[in-house]
Amino acid sequence: MPPRGLWEIVGRTAYLVFCTAVFVFLIAPIVVIVPLSFNAEPYFTFTEGMLRLEPAAYSLRWYQNVMGDPEWRHALLNSLFIGLAATVLATTLGTLAALGLTHPALPGRSAIMGLLISPMITPVIISAAGMFFFYSNLGLTQTHLGLILAHATLGTPFVVITVAATLSGFDPNLYRAAASLGAGPLRTFRRVVLPLIAPGVISGALFAFATSFDEVVTVLFMGGLEQRTVPRQMWTGIREQISPAILAVATLLIAFSLLFMLSVEWLRRRAGGR
Amino acid sequence: MTSRPYRSRIRQVVHATAFVLLASLSWSRPAAGNESLTLVSWGGSYARACQKAFNEPFTAETGIEVRLESYNGGLAQIRAQVETGKVYWDLVDLEMADAARGCDEGLLEPIVAADLPPAPDGTPAVDDFFPDMITECGVGMLFYSTVYAYNPTHLPGPKPTTIQDFFDLEKFPGRRGMRRSPLVNLEFALMADGVPVDQVYATLDTPEGVGRAFRKLDTIKEYIVWWEAGAQPPQMLADGEVVMSTAYNGRIFNAQVLENQPFVIVWDGQVLDHGILGIVAGTPNLEAARKFLTFAMRTESLAAVGRYIAYSPARKSGAALMSTHLETGVDMQPHMPNSPANVARALSHDWRWWRDHGDEMNERFSAWLAR
Amino acid sequence: MSSNRQAEADTFFLSGPQLRAVGLVLPLVAFIGLTFIAPLATMLSRSVYDPVVADALPATLDLLQDWDGVHIPPEPAFEAIARELRRARQERTLGRVATRINRVHGGLRSVITRTARRVREAEGLSWRDTLVGVHAAWDDVQTWHAIRHAGERFTARHYLHALDLERRSDGRIAPRPDEYRVYVSLLWRTLVVSLSLTGLCLLLGYPVAYLIAHAPPQRASLLLLLVLVPFWTSLLVRTTAWIVLLQTQGVINSTLVALGLIADESRLAMIYNMTGTMVAMTHVLLPFMVLPLYAVMRTIPRLHMSAAASLGASTVQAFWRVYWPQTLPGVGAGSLLVFILAIGYYITPALVGGQSGQLISNMIAYHMQSSLNWGLAAAIGGLLLAFVLVLYLVYDRLVGIERMRLG
């Protein structure tokens, strides 16, 4: 396109400046946390020493602090345990459901889809309140099982959506082809379907795990002392006493989520740019 | 070509699911075999004092482990446990009004007053505890008070000395920290508005009085930063987030002596209260919990708390055991909330009034906050 | 190829395919039904059903059925309430009964608990005189109205309460006293904040999504990462980050002071107020706007714009007439997602909102965790749920729920 004069250039520049500002807004807060977590002083701003890059102004004390704290270790174990269990549950159920949902013969598809993704679009405060009332009737509050069920529920929509998305590019003729070659249904699933949808399943699982790993409202309502998770512990920390130890945990979590994000992106590309 | 790995992966997934579900079923509660108790207290430096004064010596004496959990008051969690029948808190350090309500609601075990240990000189507990301390479902432990404090580094110029000054934005501009609760704040507001100490609850007993208290709070509302945990005010004062803040006196004391913070406590208009130790109804560890309560109520145990934080025992015999701060050697007496110099204008918290009116005040307070 | 195999494959894939599809979906439908729909149903039933008082005071309530509501009830009602309150005290349900009656009529908690503590027998007087001797409130018809009202097993009072209304003793529905009115204004505030956040995210997100969608692939994936990083980063981490940046002694204020732009005493109050809530929530929600927009935009060939331009349309016209309408599904999905997330947001306002930045969900949490007025929490939740459901249906009608994508 030929340039249309000065206004075009001004507009284009303003547009780029605007977008840059938005990107800075998105990224800067996360980036700022990382160096501050190495602060040798118990402050939340950059000390002069830090700005002058003096090695003495940086330290690992907050990391040692966190690693040495049994409460954080317990919280991490809980988070991993609840997260993994919820992920396995959500991924299994969600993948099956996605296979059914993309089957052309399914009656009442959109109603079922609406039902299955409802946990994702219901404000979590409402879900958590409902789960608290219901699970306390069943004696499931303050148990790991209760939180696993709650987190699996919140995670399933992500699995359903990602797997269904992978399947929407799936050629149903492959079923017939496999069958005509003599493969049984389970074998077809394993050898034809699963390899094709695996990236979707794994991304769905990662989404489900991340959902559980970052979930705090249901933990606040339903979890007890034994079910303290990392976000729950952070919640207490932020509310009551922000110490740079929180920033150390935050930095670790950032590294963790970067890892997750890159895995999902990689899988997404492998699945064919979906 | 990928059949084998996938097949085994499916099997792994199935196994993992089964394992995880079974494990979660069995992992709901730690094994009941080895005896342990959970004491729920107010976190931060106070919890640390309880750990040193109660938990460690108790474990040394009985072999029963005590885990410390923290909360910010209220009966919600206790009720949730009692009503669902899964009691995992054994002992709770309660505010008096909550203890009374919890008792009415059947959330706390009745106290066996005869079990309470006598004073070192043999005086029976019933005579040794200060009046009103032994209640149906809990026993008073320590006197503490809600005061306000300021950080001179962030407050140049003249310093506040009275409760009126806390509400005086002209003389002392800046944000103030207050607990997110009507409790104590209504009393502060009325005292600052000129109500004599002995008239505060009589005034609150009338709708006009309550209105007056809220109107007084209105005058500084925009400048209030609300806190919930006792550990927050020292932090906010140190950070300069507020120029002054209401706080539990012991937390300010600890920041003064342990962190060398230059905070100053204004004792004028302090609200003196006492903490109650109660046992959660239906705890599976009732025997051990009773044992702990008896242990903690010894004069020596209560006085030991006063070596870590400026709270004083709820028993008369405690005064004789008062000494210095263990880590710094500071004489504790002048820092205690009920020491004579500090009670010149002190209000005794009226838990009966709060038991009866807490709900309405909370509702009105949350409505007031949100508008 | 064995025909047997073929038949087996046929039963599985071709004949009875509906059954098979349903069979695959069924486990999750059952799971969601049990772990999600049943809880919501429990919540809704809590909002209208409260048996505590009805169970504790059956005889009293029975007698009050025939009461005219104008005069003080007859002697048997006094006897019944005295006995039933005593029994409630023994069974340790008194506190819960008193709490509920107190919620209908403030101040009655002490009347109820004191009566239960003091009254044993009629002590030679009538039951009425005995009770009035304990507390004068027993001589007030309002007390009895409150008991009758609190004794309703099925009740609309939580919903009335959630709308700042109450039922007076004469049955009229009227606004609550001014100093207790809060929910309507809070619902309104939540609505306004959610709409502003949606607008703000659209305003910030649309240009950015456009930039990413039409950038060369290499640069696009790099820019997309800048959106995905906050999307994946833990909510609590991001909230912490904003506290670190915005607080009085935080990074931004300190930088401004160091640069001499503001005086040390006049540091800006950017957190623990509405500003804090808005900034942090925009940050949290923006990716939920950008990703659906991006997903839609990258399917739109840029050629359309060029074509329009070559036909003589100005850039603005080309955008407005050709490009914008094609992005509407993305705008719809993003806005719905952001709005729904915003309207139920709890964590961020609770941590950075101070008092002025609180939203209706903080009230739900407050009643769940502190005031223990679970019926009211359930009713507010019910109202919010109804609202979200309506939005959802509207969206489904306009865009179609199946087009929900995650970027």
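Me: Which residues touch the most other members of the largest nonpolar core?
Reply: Ala129(A) and Leu285(C), out of the 282 residues in that core. This is a predicted model, by the way.

Me: And which helix gives the most to this core?
Reply: Helix 15 of chain C, residues 274-297, which puts in 15 residues.

Me: What is Ala129(A) in contact with, leaving aside its neighbours within four places in sequence?
Reply: In chain A there's Phe221(A). In chain C the list is Met43(C), Ile364(C), Met368(C), Ala377(C), Ala378(C) and Gly381(C).

Me: What other core lies apart from the largest one?
Reply: One of 31 residues, with Leu63(C), Leu85(C), Val97(C) and Val119(C) among them.

Me: Back to A and C. How many residues of each are in contact?
Reply: 81 residues of chain A with 81 residues of chain C. On the chain A side, helix 1 (residues 6-36) gives the most, with 13 residues.

Me: What's that side of chain A like by class?
Reply: It has 62 nonpolar residues, 17 polar ones and two charged ones.

Me: How about C and B, how many residues there?
Reply: 32 residues of chain C are in contact with 24 residues of chain B.

Me: Which elements of chain C give two or more residues to that side?
Reply: Helix 6 (94-104), helix 7 (108-118), helix 11 (183-213) and helix 19 (360-369). Helix 6 of chain C gives the most, with seven residues.

Me: Switching to the fold of chain A. How many helices and strands are there?
Reply: Chain A has 12 helices and zero strands.

Me: Is chain A compact or spread out?
Reply: Spread out: chain A has a radius of gyration of 24 Å, well over the 19 Å that the globule rule gives for 274 residues, so it is more spread out than a compact globule. Along the principal axes, the C-alpha trace of chain A spans about 75 × 70 × 35 Å.

Me: What percentage of chain A is buried?
Reply: Buried residues come to 50% of the 274 in chain A. As for the contacts in chain A with a separation of 6 or more, 77% of them join residues 24 or more positions apart.

Me: On to chain B. What are its domains?
Reply: The domain assignment gives domain 1 as 36-143 + 275-335 and domain 2 as 146-272 + 341-370. Their centres, taken over C-alpha atoms, are separated by 26 Å.

Me: How many residues does the contact take from each domain?
Reply: 20 residues from domain 1 of chain B and 17 residues from domain 2 of chain B. On the domain 1 side, the elements giving two or more residues are helix 2 (44-62) and helix 4 (96-104) of chain B. Helix 4 of chain B has the largest share of that side, four residues.

Me: And by class, what does that domain 1 side have?
Reply: 11 nonpolar, seven polar and two charged residues.

Me: What's the average pLDDT of chain B?
Reply: 88, with 91% of the residues scoring at least 70.

Me: Where does the pLDDT stay under 50?
Reply: Over residues 1-11 of chain B, for which the model has seven contacts beyond four places in sequence. Residues 24-33 of chain B are also below 50, and that stretch has 11 contacts in the model beyond near neighbours in sequence.

Methods
Residues numbered from 1 in each chain as written. Chains lettered and ligands numbered in written order. Predicted model: local features only at pLDDT ≥ 70, side-chain atom pairs only at ≥ 80, totals over all residues. pLDDT = per-residue confidence, 0-100. Contact = placed C-beta atoms within 7 Å. Nonpolar A, V, L, I, M, F, W, Y, C, P; charged D, E, K, R; others polar. Domains from an automatic or database assignment. Rg over C-alpha atoms; globule rule 2.2 N^0.38 Å. Buried ≥ 20, exposed ≤ 12 C-beta atoms within 10 Å, placed from the backbone. Core = buried A, V, L, I, M, F, W, Y, C linked by C-beta atoms within 7 Å.
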